[in-house]
Amino acid sequence: MKMPYIHGIYEARYFWIHLALSDLRAKWRRSYLGIAWSLLQPLGMTLLLSFVFAKIFKQSIAGYAPYILSGMIVWEFFIATLTLGSMSFVQAEPYIKQYRHPLAIYTLRNTLTNLMVLVMASLSLIGWVLIVMPQNFGWCWIVAPLVFPLAALIAWPVATALAYIGARFRDLTPALALIMQAMWFVSPIYFEASLFRNGGLGVLVDFNPIYHLLEIVRAPLLRGEWPTFVNFAACGFTIVAAFAVAWLIGRKSEDKVIFYL
Amino acid sequence: MTENYIRLDAINLHYSAVAFRERSLKTLLMGVTPGRHPKREVHDVHALKNITLQVRQGERVGLIGHNGAGKSTFLKMVAGLYPVSSGSRHVKGVVRSLFDLSLGFEPEATGRENILYRGLLLGLTPKFMRTVAEDIVAFADIGEFIDYPIKTYSAGMQVRLAFAISTMVGGDILLLDEVIGAGDANFMQKAKARITKLIEDSEILILATHDFGSLRDICDRAIVLHHGEIKFDGAVEPAVKEYGRLTGTGK
């Protein structure tokens with residue numbers, strides 16, 4: 001990637017940071033509970049789901065609920081960042097037509113907004129685990145916050161690549177909803193990883209970046225263990241691959257996006 | 001002091017046709033089904049043709065031409081918004097452009113918040129924006145509405161606020177698409193004075209206009225664009241004559 005491009009993103013930092021904060025304010029404007037909703041929403045959904053799943057899979061609800069909750073908040077982050085992100089150039093049209101900033105700042109804006117929601121939502125997870133499984137608390141927890149930068153570094157380039165495509169092909173958003181649904185289905189997000197392994201579908205776990213990313217939170221919080229080196233390596237590899245794809249698409253498309261808006 | 005300049009060398013610019021060609025399932029099916037369909041090919045638009053040009057420090061350049069001659073495209077290309085298909089573009093200096101002012105407000109945010117956002121869009125710092133915010137509020141003169149969300153504004157109020165923000169800071173190179181008038185007669189007068197000050201402060205001005213009056217007042221050099229080509233480049237009076245000859249309106 002060219003240095004002037006990265007420099008341009010840095011130069012525009014005030015702009016995208018303020019836009020992200022503005023998005024966050026706009027999201028909860030004129031609601032009584034405001035930002036508390038980003039905690040309540042996943043909590044409520046988790047209670048509902050774990051009640052059903054715990055019955056089906058005959059597991060204890062207290063132990064299974066944090067598993068679902070951790071999967072849900074991280075997955076919601078990806079859904080929001082990628083589906084909104086795919087339209088973020090279209091959304092930023094008035095800005096793009098007035099001033100030449102690196103386009104990646106507009107997906108960064110979305111990523112940042114959703115990251116702040118994720119951070120809020122994760123408080124509910126931490127609270128839950130501390131009450132239900134206090135024995136898990138330990139040194140290994142210090143790596144858990146790494147999930148935030150790692151998730152952002154995966155979602156941002158992917159969202160950027162999608163936004164280049166989305167500017168030109170407006171069919172992307174409905175198609176993406178379908179793809180995300182499929183991804184959710186084949187990933188250990190709500191379903192336990194052991195369920196996949198026992199079914200002979202271990203491949204869907206071991207080669208799934210979402211699994212490895214979730215392990216960075218789940219290993220310490222839910223099991224009191226350190227995440228493995230493989231978990232981090234898989235995340236690192238995914239980040240490199242995502243940036244490479246975004247760069248390849250952006251190299252050709254960055255200049256032309258303005259014509260498609 | 002460093003010299004500001006614009007140097008364009010053999011610039012061509014195409015609007016790619018894919019952007020506005022109809023892409024739908026219907027057209028796709030029409031393409032594969034047998035039978036004759038009336039064919040309407042959409043070609044790339046060759047908006048700027050072989051533009052070679054130099055503008056030096058201190059020049060006041062007027063850009064005239066019929067509608068669709070490429071004036072706005074030219075300005076947006078100089079501003080770096082549109083990519084060139086071939087040729088090279090060198091621009092030295094901070095470019096400030098005033099094109100479509102009403103674009104780019106966050107409708108849910110208040111006028112005050114939008115002053116900050118728009119300033120940041122233009123590459124200014126929050127610190128600087130805080131120092132000029134009160135001046136902008138005073139100039140826009142929209143009263144208590146400044147603390148209301150933008151979506152409650154009338155069109156006129158939006159333009160006034162946009163104008164007040166966008167003209168707060170000048171640049172080395174000022175690109176104007178028409179001398180913008182905004183709001184009622186009273187505001188117009190203020191706006192004119194503001195624009196005149198911006199023009200005086202800029203090192204290089206390029207003004208696209210249809211108004212020969214302001215062209216003669218402001219510019220010392222004029223360029224005639226005709227179907228994307230430079231047909232004349234020189235003094236203002238002969239340029240106006242050439243424009244009249246090309247469009248068949250002059251005598």
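Modeller: What follows goes through the sheet, then the helix pair, then the domains. This is a predicted model: local features need pLDDT of at least 70, side-chain atom pairs count only at pLDDT 80 or more, and totals for chains, interfaces and linings use all residues. Residues are numbered from 1 along each chain as its sequence is written, while chains are lettered from A and ligands numbered from 1 in the order in which they are written.

Start with the sheet. Chain B has an open sheet of six strands, ordered 5-6-7-3-8-9, with mixed pairing. Two strands pair if DSSP finds at least two bridges between them. Strands (E, at least two residues) and helices (H or I, at least four) are DSSP runs, numbered from the N terminus. Strand 5 (95–98) and strand 9 (229–234) of chain B are the edge strands, each pairing on one side only. On average, neighbouring strands of this sheet are turned by 15° against each other, direction ignored. Strand 6 (residues 173–177) and strand 7 (residues 204–208) of chain B run parallel, joined by five bridges. Within strand 7 of chain B, B:Ile206 is the bridge partner of B:Leu175.

Now the helix pair. In chain B, the axes of helix 3 (residues 111–121) and helix 4 (residues 126–140) come within 10 Å and cross at roughly 130°. Axes are lines fitted to C-alpha atoms, for helices over the stretch in contact; angles run from 0 to 180 degrees between N-to-C directions. Helix 3 and helix 4 of chain B are therefore oblique to each other (under 35 degrees is roughly parallel, over 145 roughly antiparallel, 65 to 115 roughly perpendicular, the rest oblique). Helix 3 of chain B brings B:Arg112, B:Ile115, B:Leu116, B:Gly119 and B:Leu120 to the contact, and helix 4 of chain B brings B:Pro126, B:Met129, B:Ala133 and B:Ile136. Contact requires C-beta atoms, placed from the backbone, within 7 Å. The residues of this helix 3 to helix 4 contact in chain B divide into seven nonpolar, one polar and one charged (Ala, Val, Leu, Ile, Met, Phe, Trp, Tyr, Cys and Pro are nonpolar; Asp, Glu, Lys and Arg charged; the others, Gly among them, polar).

Last, the domains. Chain B is assigned domain 1 (5–93 + 208–247) and domain 2 (111–202), with bounds from an automatic or database domain assignment. Twelve residues of domain 1 of chain B touch eight of domain 2 of chain B. On the domain 1 side, helix 2 (71–78) and helix 7 (212–218) of chain B each supply at least two residues. Helix 2 of chain B gives the most, with three residues.

Notes
Two residues are in contact if their C-beta atoms, placed from the backbone, lie within 7 Å.
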